[in-house]
Amino acid sequence: MTSIIKFYTLSGAHDESPPCYLLQIDEFKFLLDCGWDENFSMGVVNRLKRYIHQIDAVLLSHPDRFHLGILPYLVGKCGLNCPVYATIPVYQMGQMFMYDLHQSLCNVEDFNLFSLDDVDAAFDKVIQVKYNQIVPLKGKGIGLRIVALPAGHMVGGTIWRISKVGEEDIVYAVDFNHKKERHLNGSDLERLGRPSLLILDCFNAAYAQPRRRSRDEALMTCLLTTLHVKGNVLLAIDTAGRVLELMHMLDQLWRNKESGLDAYSLVFLTNVSYNTVEFAKSQIEWMSDKLMKSFEGARNNPFFFKHVKLCHNMHDFNKVPEPKVVLASNGDLESGFSREVFVMWASNPNNSIILADRTAPGTLARDLIEEGGDRNIKLIIKKRVPLDENELEEYNIQHDAEKMETSEVDSESSDSEDEQEAMRGKHDLLVDGDLTISKKSSKKELAPMFPYYEEKFKFDPYGEIIKHEDFIKFEATAEEEQTANEQNKIVEEEEEAGLCDIPSKCVEYELNIYVAAKIVHIDFEGRSDGESIKQIVLALKPRRLILIRGNHYSTKVVYNFAKVFIDGKVFTPKIGHCLNVTTESHIYQVRLTDALLSTINLKRGPNGDLAYLNAKLKLVNRKNDMEVDNVVPEKATRIDDQMFTLEPLADHEIRPRKSVFINRLKLSDFKQILSKNNIPCELSKGVLWCCNRTICVRRNASGKVLMEGIISRQYYYIRSILYSQFIII
């Protein structure tokens with residue numbers, strides 16, 4: 001039996017918005033990725049809220065905000081409660097992405113869409129899987145299996161394969177890379193068998209990638225030319241994904257003495273830089289075969305960096321001597337340390353800004369790639385600054401008032417607890433209050449106090465004995481003074497760095513910047529280009545193909561190619577559209593009404609209950625739209641907008657029918673049943689003879705069981721036993 005498959009596009013269709021899709025297989029609903037854009041737009045969230053309690057599982061493909069950014073919000077604010085499946089690196093690096101994003105935003109504004117507790121709660125729901133591990137689903141998903149396959153874009157990046165035994169084979173592939181890199185193997189997408197449904201992104205369908213050698217040479221040339229003129233280089237990169245490829249490459253360049261780069265500083269600047277590198281050291285098994293062999297042979301961990309300096313704030317970063325190369329997050333230059341460094345360095349013509357990723361349209365990085373530098377741009381600068389004297393005084397008054405209120409509440413609660421404790425006796429048993437009072441009054445009353453031990457002093461005839469060691473003056477050495485000064489400096493630096501710990505406010509202003517620095521786009525995205533996507537489609541030849549996430553032109557390029565070279569159906573849904581991509585075109589899902597269920601007489605069978613229905617099919621349109629947070633959802637096609645129902649027929653409409661006998665009876669088994677009931681019988685030439693050959697049970701050419709013989713009490717008794725072997729409807 002073919003499953004009913006529906007695909008609903010929440011985001012990421014005919015544009016470059018983050019991927020977020022609902023895939024329904026019969027009654028089981030998958031959420032495929034849940035990315036959020038840099039503006040945290042609520043359109044995709046409002047569409048997703050309508051199905052939040054119907055989602056049975058979430059599949060995450062990559063660890064960045066573009067693929068899982070909404071997850072903390074869904075868990076913390078919307079009540080999403082279902083298992084989330086991801087590989088081990090996606091689980092670990094995904095937390096690093098979200099921690100860094102949250103901290104970057106809180107450093108400059110009052111960000112409250114989700115908290116760090118929401119991030120922790122979201123990742124507590126993650127079930128970690130390995131590549132090629134078959135995970136059978138339970139509950140409504142019995143019969144479904146999911147398998148994670150390497151995508152090659154980021155460490156732990158996943159192509160999901162969803163299969164149902166003997167029926168469907170669905171492949172969800174976004175942001176994959178078939179080429180081998182320094183730290184990752186390529187994907188094996190083209191080696192999969194012909195899937196019944198392929199969900200493919202065509203982001204790079206109209207893009208031709210440069211060769212790896214020319215790309216590396218361009219990066220090396222830009223670094224050397226900038227550093228030789230005492231300029232600084234900013235590499236805007238992500239938190240814990242593609243940055244590993246760049247860090248591994250740059251550390252190798254710095255180790256090469258012939259390059260001459262070891263005289264300059266190399267910095268990795270994020271809020272979680274130390275943890276990112278530590279996680280990368282433990283994920284060698286998820287990386288390329290070359291790194292695995294070097295680690296197994298010489299026990300050489302490629303992410304034990306000798307030249308990369310890890311910084312967590314701008315204070316540490318400013319202490320690193322110039323000229324320097326810094327890898328800073330985020331890649332879109334909309335938030336994080338990369339934006340702060342860009343504002344500092346953009347006006348110096350000796351500096352260079354290297355953009356390694358084509359981010360979403362409308363971001364600062366995308367604007368610089370398309371329009372270039374050597375022009376004035378307006379930026380909205382957000383900062384967190386300490387409160388001035390008047391504001392600080394108001395803050396302290398308010399803080400003291402809140403503290404007094406909480407202390408009064410605590411004192412009241414403690415008084416009530418004392419009263420409750422007074423009513424409890426030995427072994428926490430409740431006793432009468434009058435008895436406890438009478439017992440306490442009989443004893444010597446002592447006020448409760450803390451234990452105090454009085455120190456005893458020795459006296460001689462002249463008074464208290466003086467200890468000479470208490471009055472010895474120690475002269476501090478020069479080294480001790482130096483260490484003391486260093487400790488004082490460290491304390492001062494920590495106080496300066498911990499701006500979020502002191503009362504502060506967020507300010508926002510507009511700044512005009514002349515971009516004099518050199519703007520260079522060097523492709524380190526790690527995605528397959530247009531020619532590779534076409535070859536993969538040609539190799540797989542899916543029976544049905546859904547094209548997602550790409551602008552109109554790139555989507556049209558793949559659509560025209562697929563229509564010519566494969567014989568399957570090709571779909572290009574828009575945001576908010578629902579597709580019915582069931583293999584068989586004339587299969588529909590129906591629901592039984594309560595009126596019909598009340599008239600059904602179910603008969604128990606070996607594999608379930610059976611009943612014969614007299615009903616008529618009716619199409620019902622969903623009319624009531626659910627409001628969420630006073631927001632009326634869009635008038636878009638829902639997965640369950642149109643539903644067929646079965647309603648009972650009136651009595652005069654029911655036609656007479658013959659009874660239906662359901663079972664596959666074997667005569668040899670029936671012979672044993674008759675023998676247990678003390679009926680003599682024998683099986684000869686496919687005929688079961690009973691009662692001295694007066695009654696026979698046989699099967700005709702069409703497979704029906706026939707009973708013939710002399711009408712007698714034995715005849716009806718054998719017939720009743722025969723009927724009991726069937727489910728009669």
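Q: Where is the place of Pro323?
A: Pro323 is placed in the loop between α10 (314-319) and β15 (324-328); helices (H or I, at least four residues) and strands (E, at least two) are DSSP runs, numbered from the N terminus. The model is predicted, so local features need pLDDT of at least 70 and side-chain atom pairs count only at pLDDT 80 or more, while totals for chains, interfaces and linings use all residues. Residues are numbered from 1 along each chain as its sequence is written, and side-chain values use heavy atoms, with hydrogens and water left out.

Q: Which residue does a cis peptide bond join to Pro323, and what is omega there?
A: The partner is Glu322, and omega of this cis bond is about -5°. A cis peptide bond also joins Ser329 and Asn330, with omega of about 10°. Asn330 belongs to the loop between β15 and α11 (337-345).

Q: What is the phi of Lys230, and where is the place of this residue?
A: Lys230 is not a glycine, yet its phi is positive, at about 65°. The residue is found in the loop between α6 and β12 (233-236).

Q: How is the packing of α6 and α7 to be read?
A: Two packed helices are described by the angle between their axes and the distance between the axes. Here, helix α6 (residues 212-228) and helix α7 (residues 243-255) pack at about 60°, and their axes are 13 Å apart. Axes are lines fitted to C-alpha atoms, for helices over the stretch in contact, and angles run from 0 to 180 degrees between N-to-C directions. The angle makes α6 oblique to α7; angles under 35 degrees count as roughly parallel, over 145 as roughly antiparallel, 65 to 115 as roughly perpendicular and the rest as oblique.

Q: Which residues of α6 and α7 make the contact?
A: Contact means heavy atoms within 4.5 Å. From α6 come Arg215, Asp216, Leu219, Met220 and Leu223, and from α7 come Glu245, Leu246, Met249, Leu250, Leu253 and Trp254. By class, this contact of α6 with α7 has 8 nonpolar, no polar and 3 charged residues. Ala, Val, Leu, Ile, Met, Phe, Trp, Tyr, Cys and Pro count as nonpolar, Asp, Glu, Lys and Arg as charged, and the others, Gly among them, as polar.

Q: How do α19 and α20 cross?
A: The axes of helix α19 (residues 667-676) and helix α20 (residues 713-723) come within 11 Å and cross at roughly 125°. The two helices are therefore oblique to each other. In α19, Phe670, Ile673 and Leu674 meet Ile718, Ile721 and Leu722 of α20. The class count for α19 with α20 is 6 nonpolar, no polar and no charged residues.

Q: What is the angle at which α4 and α5 cross?
A: The axes of α4 and helix α5 (residues 116-124) cross at roughly 165° and come within 10 Å. That makes α4 roughly antiparallel to α5. On α4 the contact includes Val90, Tyr91 and Gly94, and on α5 it includes Leu116 and Phe123. By class, α4 with α5 has 7 nonpolar, 3 polar and 1 charged residues.

Q: What is the strand order of the sheet that holds β1 and β24?
A: Two strands pair if DSSP finds at least two bridges between them. In this open sheet of 7 strands, the order is β6-β5-β4-β3-β2-β1-β24, with mixed pairing. The edges are β6 (126-129) and β24 (578-580), each with a single partner strand, so one side of each has no neighbour in the sheet. Neighbouring strands are turned by 25° against each other on average, direction ignored. Strands β1 and β2 run antiparallel and are joined by 6 bridges; the bridge partner of Tyr8 in β2 is Leu22. Helix α4 (residues 88-106) packs on the sheet, touching β5 (84-87) and β6, and its direction makes about 100° with that of β5.

Q: How many salt bridges does a search of the whole structure find?
A: A salt bridge is a side-chain nitrogen of Lys or Arg within 4 Å of a carboxyl oxygen of Asp or Glu. The search finds 28. One of them joins Glu16 and Arg366, at 2.9 Å from N to O. This pair links distant parts of the chain, 350 residues apart: Glu16 lies in the loop between β1 (5-11) and β2 (20-25), and Arg366 in helix α12 (residues 364-371).
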